[in-house]
Amino acid sequence: MAKKASARPQAESVATADRVLAVLTAFRRGDRALSLAELAERTDLVKSTILRLLVSLESYGLIIRLHDGNYQLGAEVLRLGSIFQQSLELETHVMPVLQDLVDETEESASFYVRHGNQRLCAYRVDSPHRLRLHIQPGDILPMDLSAIARVLKAFAKWPDDTTAAQIDLPIYSSGATDPHTAAIAMPVFGANLRLVGALALSGPVTRLTPDRAQEIRVYLYAAAMRLTKSLGGTFETPQTRRMAGE
């Protein structure tokens, strides 16, 4: 009986935390402030409940009540965001994603970043096949017509330049850097929608054919979206919305 009595307050605490998070995450990119009515519409909570939650959120600096009665996110949110960015260790996010891609596709998975006018292989997990391109982390390659280089160039100024939104993703290339190698690549984004790097699968042209690339593109797409989310980013175009529905 004692366990049942203690379980109820715990459940109520979880429910309260869920409601608090619902209010905080109701704010979207582009919102300057939200009215109580807008918060109620976005959270499906009654106004009296939201008002009680807002009092607590204001006391922690997470929400500010403006003179016109609307609400906006407080400076504490910015502080927490900066802590997240400082504590972010790219390798811990990237390496599990690369390993999953290799397990799913049996092709080599890499993560590239721009290095001046070149591209640098930052992380890599090799294919289990003996026939593969031998690239190592730290290797620098040209910004050529390969899928990886094209991703890094096309999305370098995203989101200020949205012309890349019409690109068919993932990008596929064959024989661009090496006549015997093919690759498919996707962009990965972090906070403020800024490009972090390119996530890629590569293999010999005899194995990673256009048909094979079409088969495994869903794995690369999902991995890029997963990594983008873990890095605090978002990325959406008409084409990615179609991919998400496949």
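Analyst: Two residues are in contact here when heavy atoms of theirs lie within 4.5 Å. With that cut-off, Leu36, Ala37, Leu39, Ala40 and Thr43 of helix 2 meet Lys47, Ile50, Leu51 and Leu54 of helix 3. Sorted by class, this contact between helix 2 and helix 3 holds seven nonpolar residues, one polar and one charged. The model is a predicted one.

Next comes the geometry. Two packed helices are described by the angle between their axes and the distance between the axes. Helix 2 covers residues 36–43 and helix 3 covers residues 47–59. Their axes come within 10 Å and cross at roughly 105°. Angles of 65 to 115 degrees count as roughly perpendicular, so helix 2 is roughly perpendicular to helix 3.

Now consider burial in helix 2. A residue is buried when its relative accessible area is under 20%. Leu36, Leu39, Ala40 and Thr43 in helix 2 are buried. These residues cover an arc of only 100° around the axis, so they are on the same side of helix 2. Leu36, Leu39, Ala40 and Thr43 are also among the residues of helix 2 that meet helix 3.

What follows helix 2? The residue is Asp44, which is found in the loop between helix 2 and helix 3. The phi of Asp44 is near 60°, a positive value in a residue other than glycine. Asp44 has a relative accessible area of 71%, so Asp44 counts as exposed.

From Val55 to Arg65 the C-alpha to C-alpha distance is 9.4 Å, and the two are 10 residues apart in sequence.

Glu106 is not a glycine, yet has a positive phi of about 60°. The place of Glu106 is the loop between helix 5 (90–105) and strand 3 (108–115). Glu106 is partly exposed, because its relative accessible area is 41%.

Finally, the setting of this part. The protein chain has eight helices and eight strands. It has 246 residues, of which 39% count as buried. Among contacts in the chain with a separation of 6 or more, 54% are between residues 24 or more positions apart.

Technical notes: Residues numbered from 1 in each chain as written. Predicted model: local features only at pLDDT ≥ 70, side-chain atom pairs only at ≥ 80, totals over all residues. Heavy atoms only, no water. Axes fitted to C-alpha atoms, helices over the stretch in contact; angles between N-to-C directions. Helix = DSSP H or I, 4+ residues; strand = E, 2+ residues; numbered from the N terminus. Parallel < 35°, antiparallel > 145°, perpendicular 65-115°, else oblique. Nonpolar A, V, L, I, M, F, W, Y, C, P; charged D, E, K, R; others polar. Buried < 20%, exposed > 50% of the residue type's maximum accessible area, 1.4 Å probe, protein only. Arc of directions from axis to C-beta.
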